[in-house]
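Please open the model in your viewer and keep the selection tool at hand. The stops below go from one part of the chain to the next, each with something to select and something to look for.

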Amino acid sequence: MNILFIGMGYVGTTMGVVLAKSGHNVTGLDIDQDKIATLNKGELYFHEPNLQKMLLNSHQNKNLYFTSEPKEAIENNDIVFITVGTPSLENGKADLTYVKSAAKMIGKYINSPKTIVVKSTVPIGTTEQIKQWINQESQSRFDINMVMNPEFLREGTAVQDALHPDRIVIGSEDRKSLEILDRVYQSWSCPILKTTPKAAEMIKYASNAFLATKISFINEVAKLCDTLDINVQDVSKGMGLDNRIGPAFLQAGLGYGGSCFPKDVKELLRTANSYRASLHILKEVEMINHIQYQYFLEKVKNNFVSLKGKKVTIFGLSFKPHTDDTRDSVSFSIMNELVKEKADIVVHDPVVSLSTNWLDKGIKQYSDPYDAVKSTDIILICTNWPVYQELDWRRIRKIVSDCYIFDGRNMLEASEMKKLNFHYEGIGYS
Ligand code: UDX
């Protein structure tokens with residue numbers, strides 16, 4: 001099948017590459033010519049494990065190409081996926097600017113019946129609205145079949161998630177679209193849920209909001225565990241063994257960041273408010289997440305009279321491991337506070353480079369973690385990159401004199417660290 005993706009972000013690129021691998025002819029369209037030029041060379045412009053090799057393969061097979069020319073791309077493809085971003089506006093509303101311009105672009109160049117598949121995360125009712133935007137722009141009337149097909153890809157494991165999803169959700173009002181999407185996903189063997197576009201939109205928001213709720217819940221439990229001297233890791237394990245609860249997303253720590261959970265929780269709350277429905281639980285989820293790094297920093301401050309002049313090494317800048325995405329990454333909120341405290345800040349991340357505005361504040365970045373910790377007073381682990389688990393902590397013990405480790409992701413073995421004479425504290429874990 002000939003499939004067009006509008007929006008070559010990490011979702012559009014990953015899904016485009018994966019659908020090309022399954023045998024479809026895929027075109028990727030984006031207004032950003034630099035992105036297109038890089039992708040056309042068979043190179044990724046962002047960090048996502050395992051995607052680079054697949055991109056090169058499809059490139060060589062010539063069933064995947066990228067363009068900035070909308071006319072030809074839209075005319076030549078009868079199935080169009082919309083995969084543009086929907087970031088949060090100041091008021092928590094999802095910004096539909098890019099979705100609207102994609103719809104208008106389709107309307108302008110539509111030349112035959114099309115199936116429009118919305119993969120961007122959009123507020124309830126937007127799929128229907130997109131059809132109206134397309135129609136408003138088009139000169140002639142062609143059949144437009146709308147489908148809402150939410151994505152559930154996690155950054156860092158997007159390829160695995162795209163190839164082996166837990167489920168595929170297809171929201172559409174007409175049979176023809178459902179048949180077309182069945183053919184698009186014919187190589188997949190997971191459950192496929194067919195529902196209405198509005199229900200599909202809600203499934204995406206409710207899923208992300210529920211996962212965020214699990215995280216904030218375990219973070220609250222972790223704080224109580226700190227007070228009662230209980231290991232929250234054991235609590236998560238014990239809870240997760242119950243099939244009704246499940247082990248995923250019960251990892252206590254610095255809370256959730258990234259481009260999805262914060263914005264999707266906000267948008268669902270806003271939708272609920274606008275219909276005078278009560279989703280009070282999400283207000284708490286958001287607030288707990290918002291103050292989690294302050295709780296962490298309080299732990300640090302409790303051990304020192306002042307952080308002024310203390311050398312603090314931050315391990316991890318990305319919002320989670322295996323990605324270079326720093327959107328809503330808690331490391332930056334922590335750095336801001338430490339700048340205010342006049343600490344001497346040093347950072348390390350396996351893939352993220354600090355921008356000059358941070359370097360201008362006197363923060364130093366090292367590419368070698370052992371250089372980063374030289375004569376440090378405090379190590380803060382902010383992102384659970386496996387590399388921090390694999391460090392030779394015995395060697396680090398020799399480099400530093402008296403050193404405190406605050407593990408915001410509970411990723412190190414507390415007993416091992418204490419044996420090495422580090423002062424070690426996690427969250428609900430020490
Ligand atoms: C999320 C959803 O999982 C995915 O289905 C959706 O399509 C996009 O948003 P992503 O934001 O890439 O994916 O990362 P995810 O692995 O879900 O982690 C989100 C945040 O939660 C990260 O900051 C992570 O560190 C944090 N987290 C996750 C925890 O603090 N504890 C956990 O147990 C799990």
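Helices (H or I, at least four residues) and strands (E, at least two) are DSSP runs, numbered from the N terminus. Axes are lines fitted to C-alpha atoms, for helices over the stretch in contact, and angles run from 0 to 180 degrees between N-to-C directions. Two residues are in contact if their C-beta atoms, placed from the backbone, lie within 7 Å.

Before going further, note that this is a predicted model, in which local features need pLDDT of at least 70 and side-chain atom pairs count only at pLDDT 80 or more, while totals for chains, interfaces and linings use all residues. Residues are numbered from 1 along each chain as its sequence is written.

Two strands pair if DSSP finds at least two bridges between them. Select β12 (residues 378-381) and β13 (residues 404-407), which run parallel and are joined by 4 bridges; I381 has D407 of β13 as its bridge partner.

Now colour residues 313-414, where UniProt, in an unreviewed entry, places the feature "domain: UDP-glucose/GDP-mannose dehydrogenase C-terminal"; such annotations may be inferred rather than shown by experiment. Over residues 313-414 the chain is 30% helix and 18% strand, with its end C-alpha atoms 19 Å apart.

Then colour the chain by its division into domain 1 (2-194), domain 2 (204-290) and domain 3 (293-425), with bounds that come from an automatic or database domain assignment. The C-alpha centres of domain 2 and domain 3 lie 24 Å apart, and the contact takes 10 residues from domain 2 and 14 residues from domain 3.

Move on to the other sheet, an open one of 8 strands with mixed pairing and the order β3-β2-β1-β4-β5-β6-β7-β8. Here β3 (64-67) and β8 (192-195) are at the edges with a single partner strand each, so one side of each is left without a neighbour in the sheet. From one strand to the next, the twist averages 25 degrees. Select β4 (residues 79-82) and β5 (residues 114-118), which pair in the parallel sense over 4 bridges; in β5, T115 is the bridge partner of I79.

Finally, which helix gives the most to the shell around the ligand? Select α9 (residues 197-228), which gives 3 residues. Of the 20 residues around the ligand, E155, Q251, Y256, G258 and C260 come nearest, where a residue is near a molecule if its C-beta atom, placed from the backbone, lies within 6 Å of it. The shell draws at least three residues from each of domain 1 and domain 2.
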